[in-house]
Amino acid sequence: MKIWVDADAIPIVIKEIINRAAQRKQVETIYVANQFIRTPASKFIRAMQVPQGFDVADDEIVKLCEAGDLVITSDIPLAAEVIEKGALALSSRGELFTTENVRSRLNIRDFMDTMRASGEQSGGPPPLNQKDRQNFSNHLDRILAKI
């Protein structure tokens, strides 16, 4: 198992949780982004910088991940694609995407995009809170306990 992180917008606190878990479980962890990402000195953790462009990092993760890998992303289309490959997908808020829930999440996302395009002001997601961090940490620990 490898951990792939969609790192263009990963919250720092979630990155710290991932780094501690990767070190503890000695799991190869790759941060993929179209900008420089600082990672700790570790043989288990590295960054991969991809060219600028829409969905370039997502496309690289889809190309490189394999069945059984874990992808950390809040990007629902990316989650859907890696699930189709047999990988797991976990959001930075601790939501485990599954074949059962990712399609409905895509539909909601598309509906909200349509609403925003029509001028509807919906605001963004609420800030990450302690419950989100704990939920993420718990899901990550459960996933990594299986290896």
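Of the protein chain's 147 residues, 39% count as buried in this predicted model. Five helices and six strands make up the secondary structure, and they run along the sequence in the order β-α-β-β-α-β-α-β-β-α-α. Among contacts with a separation of 6 or more in the protein chain, 50% join residues 24 or more positions apart.

Buried residues in α1 are I14, K15, I17, I18, N19, A21 and A22. An α-helix has 3.6 residues a turn, so residues three or four places apart point the same way. The cover over the buried residues of α1 includes strands β1 (3–6), β2 (29–33), β3 (45–49) and β4 (70–72), together with helix α5 (130–145).

The largest nonpolar core has 22 residues, of which V5, I18, I72, F136 and L140 touch the most other members. At least two residues of this core come from each of β1, α1, β2, β4 and α5, and α1 gives the most, with five. Setting aside neighbours within four places in sequence, I72 is in contact with I3, W4, V5, D6, I10, I18, L90 and F136. A second, separate core holds 20 residues, among them V32, I76, A79 and V102.

Key. Residues are numbered from 1 along each chain as its sequence is written. This is a predicted model: local features need pLDDT of at least 70, side-chain atom pairs count only at pLDDT 80 or more; totals for chains, interfaces and linings use all residues. Side-chain values use heavy atoms; hydrogens and water are left out. Helices (H or I, at least four residues) and strands (E, at least two) are DSSP runs, numbered from the N terminus. Buried means under 20% relative accessible area, exposed over 50%, partly exposed in between (1.4 Å probe, protein chains only). Contact means heavy atoms within 4.5 Å. A nonpolar core is a set of buried Ala, Val, Leu, Ile, Met, Phe, Trp, Tyr and Cys residues joined through side-chain atoms within 4.5 Å.
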